[in-house]
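User: I want to learn how to read a protein model, one feature at a time. Please give me the general idea, then the case at hand.

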Amino acid sequence: MISIRQRKGIQTTEVSEDYVAQEENVKLENKLPSSCTNRRLWTILSFTVGGTVALCTGLLTSVYLATLHENDLWFSNIKEVEREISFRTECGLYYSYYKQMLQAPTLMQGFHGLIYDNKTESMRTINLLQRMNIYQEVFLSILYRVLPIQKYIEPVYFYIYTLFGLQAMYVTALYITSWLLSGTWLSGLLAAFWYVTNRIDTTRVEFTIPLRENWALPFFAIQIAAITYFLRPNLQPLSQRLTLLAIFISTFLFSLTWQFNQFMMLMQALVLFILDSLDMLPAVKVTWLYGIQLTGLFLVCILQFFNSMILGSLLISFNLSVLIARKLQKNLKTGSFLNRLGKLLLHLFVVLCLTLFLNNIIKKILNLKSDEHIFKFLKAKFGFGATRDFDANLYLCEEAFGLLPFNTFERLSDTLLFYAYIFVLSITVIAALAVAFRNLSDSTNQQSMYKMGEYRIGLKPETAYNLIHTILFGFLALSTMRMKYLWTSHMCVFASFGLCSPEIWELLLKLIHLYNPKRICIMRYSIPILILLYLCYKFWPGMMDELSELREFYDPDTVELMNWINSKTPRKAVFAGSMQLLAGVKLCTGRTLTNHPHYEDNSLRERTKAVYQIYAKRAPEEVHALLRSFGTDYVILEDSICYERRHRRGCRLRDLLDIANGHMMDGPGKNDPDLKLAGHPRFCEEIKRNLPPYTAYFTRVFQNKTFHVYKLSRNK
């Protein structure tokens, strides 16, 4: 097991009767610097300072995370095999293709090896560029081979520094988004500070470097920043075209680097659909964004050799359905409140039915089953019937796919982020509801404004977009903990924007009858500065202690196993075992695998379930036959799985296998009445007794405290 030990040695929305008061705010702020009376000069100075702070903040965050990674593993001092083992589970699998491309004699041979790969899945030739999102590894390997840097930086450092560099882009994009929303770069600085002080809940890049989300989320953040700017009213044509280009490029790169891109962009499409239906975004701009999503996804589909999972995605069906429904219902945004509400409900029904119809037709034509495990998981997770499906239960029993733990909110509250977020969210939700009601009540009013008493409530299109975005991704994070990183980073943006926004403070102060332009200016600057001082006072000492704490990678059992495989087994040998371990075997030894952690393929899921019978109650001849059907030469058994205690009863891997096989689970506790006693003992336990029925098929060739390796007989 891996452990860490101490180291040895165009819809305007702001035109209102309050516009004059807002202009006074701006004039007041422009008078703040006594030495700068020229507004243009002050704008340039503010932009220069804010931009410099943004870049510095991003770079410092990148250096901070890279230092934590180095201090935690002593990465610069450990052996190459230890570095590779530190890329755990699927991270090791992805990095292995970067290594494979670098070791290929030529680039063309490297490409050929990826397109016609027969080592990732034994007895099968698969196209890795079609199956997996590994173009980033291909691109980096080409850069490393072409650039004259081989003498100055090792391949592994070129790889990890690229990922940490993307973190600089990520934080900078969050900073810019908050700045665009609030109008002051102080908001961006607060967002960046919150991102760093809530690092446990905003990123996991320092210990899962090659994970797909660490490649994709920086581009997603850039896309959100670009959309925020694009939704501003009265953009110049050139600015609009350049922004659309930025949205397209970031959407394309986000889609190319993460297999779950379609689900994240589906949430984004739902945001656009809700706001467009409520007349809170310009319809033309929404259409552009739908088109960019479709174009980017189709381009990725082409690059991935027409990956059927992309073609059968709900996102494509939904976006096409929305565009078709809008053509069919041309008078959707006219009529009285009840009339429009009825049309809106009908529109929602049409889009939903059309989406399901199109998606079902596409999947039947393509015979697509790659993502059925996701829908089985969702069905069981949200209580639409219990399941004994092995793949669905494998997800259900993982903590990462469970509900967001309550202690997450305790940590977020400790930095004041959660309190600020709820404060801003409450005000903007009230404003959004008021504006939505006004829009539905009066189809002739094309302004996102609502009059409350003597005041008008307004909501900018870019604010409305980020509001619904944070709400939907918040629900996603609450339901699935692994997705919290999409929400918590945007939470930093949204909370910091609200505290620095003149519109938020103006609305609040008017409602409590304390409105004054000077008071708005004081509130939007003083409160963020006080929070920044609090964060520095409370968390700076801890961060310094964290940076000074030196640890060391320590996993001697896995190192011993990899060294033995490299020295004692043929290079063409086929290994079976757990998905997580085999990813490391592929990276460290280059041996052929029976299965691996990239689970988005139906035949691979069936193969994995068959291989995992080594932890079930099966006869030795049955296990041998299953393993040999995949060409297995060696099987690796792990005590940590065979005698697992990490999960509760019913969620241990051996329990999932027993349930799927119709057998009663081990240990005290209830079993379903239709489960039966198995006719054989558990394979992974009984094989260690070296009884004749087992030694006839399996010979132990390696053993340490964690792993047991058996060679399969070929003549049975």
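Analyst: Start with a pair of side chains: Arg 212 and Glu 137 are both buried. Buried means under 20% relative accessible area, exposed means over 50%, and partly exposed lies in between (1.4 Å probe, protein chains only). This is a predicted model, in which local features need pLDDT of at least 70 and side-chain atom pairs count only at pLDDT 80 or more, while totals for chains, interfaces and linings use all residues. Residues are numbered from 1 along each chain as its sequence is written, and side-chain values use heavy atoms, leaving out hydrogens and water.

User: How do the side chains of Arg 212 and Glu 137 meet?

Analyst: Side chains of opposite charge can pair when their charged atoms come close. A salt bridge here is a side-chain nitrogen of Lys or Arg within 4 Å of a carboxyl oxygen of Asp or Glu. Arg 212 and Glu 137 form one, at 2.6 Å from N to O. Helices (H or I, at least four residues) and strands (E, at least two) are DSSP runs, numbered from the N terminus.

User: How many salt bridges does a search of the whole structure find?

Analyst: The search finds 32. Take Arg 646 and Glu 398, whose side chains meet at 3.7 Å, N to O. This pair links distant parts of the chain, 248 residues apart. Arg 646 is in the loop between helix H30 (639-642) and helix H31 (653-661). Glu 398 is in the loop between helix H19 (390-396) and helix H20 (407-414).

User: Is Arg 646 exposed or buried?

Analyst: Arg 646 counts as exposed, because its relative accessibility is 62%. Glu 398 has 31%, so it counts as partly exposed.

User: Which residue forms a salt bridge with Lys 617?

Analyst: Asp 666 does, with the closest N and O atoms 2.8 Å apart. Again the pair links distant parts of the chain, 49 residues apart. Lys 617 lies in the loop between helix H28 (602-611) and helix H29 (620-628), and Asp 666 in the loop between H31 and helix H32 (683-686). Lys 617 is buried because its relative accessible area is 12%. Asp 666, at 24%, is partly exposed. Salt bridges can also share partners: Glu 90, Arg 204, Glu 213 and Arg 482 are joined that way into one network.

User: Which residues form a nonpolar patch on the surface?

Analyst: A nonpolar patch joins side chains (Val, Leu, Ile, Met, Phe, Trp, Tyr) within 5 Å, each with over 30% relative accessible area and no salt bridge. Here the members are Leu 238, Leu 242, Leu 245 and Ile 249. Together they have about 380 Å² of accessible area, by the Shrake-Rupley method with a 1.4 Å probe. Leu 245 is in helix H12 (residues 237-257). Leu 245 counts as partly exposed, because its relative accessibility is 45%.

User: Which residue has a positive phi although it is not a glycine?

Analyst: Most residues other than glycine have a negative phi. Phe 306 has a positive phi of about 55 degrees. Phe 306 lies in the loop between helix H14 (283-303) and helix H15 (308-311). With 54% relative accessibility, Phe 306 counts as exposed. Leu 416 also has a positive phi, near 70 degrees. Leu 416 is in the loop between H20 and helix H21 (417-441). At 27% relative accessibility, Leu 416 is partly exposed.

User: How many helices and strands are in the protein?

Analyst: There are 33 helices and 9 strands. Of the 716 residues, 56% count as buried. Along its principal axes, the C-alpha trace spans about 90 × 65 × 55 Å.

User: What radius of gyration would a compact globule with 716 residues have?

Analyst: The rule is 2.2 Å times the number of residues to the power 0.38, with the radius taken over C-alpha atoms. For 716 residues, a compact globule would be near 27 Å; the protein has 28 Å, which agrees.

How values were computed: Patch = residues over 30% accessible without salt bridge, like charges linked within 9 Å, V, L, I, M, F, W, Y side chains within 5 Å.
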